[in-house]
Amino acid sequence: MAAKKIVDAMSMQRALTRITYEIIERNKGIDNLVLVGIKTRGVYLARRIGERLQQLEDAKVPVLELDITNYRDDRESTAQIDNRFELNLDHKRVILVDDVLYTGRTIRAALDALMDNGRPAAVNLAVLVDRGHRELPIRADFVGKNIPTAASERIKVHVRELDQEDSVEIV
C-alpha cells in the first residue's frame, strides 16, 4: 500500500506553533507548566513546543520524557522502565504531548504513569494528529490536525530528529 504525504514540514511547523500559542493562551502564560512527551516521537514534539515557548515567553519550561511501556494494557512487557522524574508533578500544569491520538489507550497508560510522579493540578493533551476511532473517552485539548481515517489505515509521523524529515503520511 502506498503512503500519501498529507502534512509537509512547513505545515507541521505551523501546527506546532499554533499549539504553542494555544497553550500560552489557555494557561494564561507558562507559570508552573511542564511538558511531558510520550516516547518516542512525542518527546521530540514536546521539545519543539518547549523551544517555541521559550522564544515567545522568554522562560524555559521543563520538558520530560515518558515511557509508557510498563503501563500498556495491550502488550505484555517484562522491561523494567524507571519513569520517575527528577521533577515532582504535584500542583504542576502538565501538557502531555504525543504524535497521534487514536484509540486513547496510549494516553490512558500515560495518565497512569504520570500519577506515579505526583498529583498535577491539571493535565492537558496536545497531539499533532487526531485520527479518530476512540475506544476510551479521551480527547485532545490541543490538536495540530484532524485527519479522519479508516480503521485499516495508519498514520505515520516523521520527525527530522529520527527520520531526517518532518512529515505525516497516511498508509
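Reader: In this predicted model, is R139 buried or exposed?

Author: The model shown is a predicted one. A residue counts as exposed when its relative accessible area is over 50%. For R139 the relative accessible area is 58%, so by that cut-off R139 is exposed.

Reader: How many helices and strands does the protein chain have, and in which pattern do they follow one another?

Author: The protein chain contains four helices and eight strands. Read along the sequence, these elements give the pattern β-α-β-α-β-β-α-β-β-β-α-β.

Reader: Why may the protein chain be called as compact as a globular protein of its length?

Author: The comparison rests on the radius of gyration, for which the globule rule gives 16 Å at 171 residues. The protein chain is close to that value, so it is as compact as a globular protein of that length, with a radius of gyration of 16 Å.

Reader: What are the spans of the C-alpha trace along its principal axes, and what share of the residues is buried?

Author: Along the principal axes, the C-alpha trace of the protein chain spans about 45 × 40 × 30 Å. Of the 171 residues in the protein chain, the buried share is 47%.

Reader: What percentage of the contacts with a separation of 6 or more comes from residues 24 or more positions apart?

Author: Contact here means heavy atoms within 4.5 Å. Among contacts in the protein chain with a separation of 6 or more, those between residues 24 or more positions apart account for 70%.

Reader: Is L64 buried or exposed, and which residues is it in contact with?

Author: L64 is found in strand β3 (residues 63-66). Its relative accessible area is 9% and the cut-off for burial is under 20%, so L64 is buried. Leaving aside neighbours within four places in sequence, L64 is in contact with V34, L35, V36, G37, F85, L87 and L89.

Reader: What is the C-alpha separation of L64 and K28?

Author: K28 is in the loop between α1 (9-27) and β2, whereas L64 belongs to strand β3. The two residues are 36 residues apart along the chain, and their C-alpha atoms are separated by 21 Å.

Reader: Is G29 buried or exposed, and which residues does it touch?

Author: G29 is also placed in the loop between α1 and β2. At 11% relative accessibility, G29 counts as buried. G29 and E57 are 28 residues apart in sequence and 7.7 Å apart in space, C-alpha to C-alpha. Not counting residues up to four places away in sequence, G29 touches I23, I24, E57 and R93.

Reader: Which two residues are joined by a cis peptide bond?

Author: One of the two lies in the loop between β2 (33-38) and α2 (41-57). At the bond in question omega is about 10 degrees, and the residues joined are K39 and T40.

Reader: How far apart in space are D166 and V7?

Author: D166 is in the loop between α4 (160-163) and β8 (167-170), and it is buried, with a relative accessible area of 11%. Not counting residues up to four places away in sequence, D166 touches several residues, among them D8, A9 and M12. D166 and V7 are 159 residues apart in sequence, yet from C-alpha to C-alpha the distance is 8.4 Å.

Reader: What does UniProt list for residues 94-106, and how far apart are the ends of that span?

Author: An unreviewed UniProt entry lists these residues as "short sequence motif: PRPP-binding". In the model, the span is 15% helix and 62% strand. The C-alpha atoms at its ends lie apart by 16 Å.

Terms used: Residues are numbered from 1 along each chain as its sequence is written. This is a predicted model: local features need pLDDT of at least 70, side-chain atom pairs count only at pLDDT 80 or more; totals for chains, interfaces and linings use all residues. Side-chain values use heavy atoms; hydrogens and water are left out. The radius of gyration is taken over C-alpha atoms; the globule rule is 2.2 Å times the number of residues to the power 0.38. Buried means under 20% relative accessible area, exposed over 50%, partly exposed in between (1.4 Å probe, protein chains only). UniProt positions are given in the numbering used here, feature names are shortened, and annotations may be inferred rather than shown by experiment.
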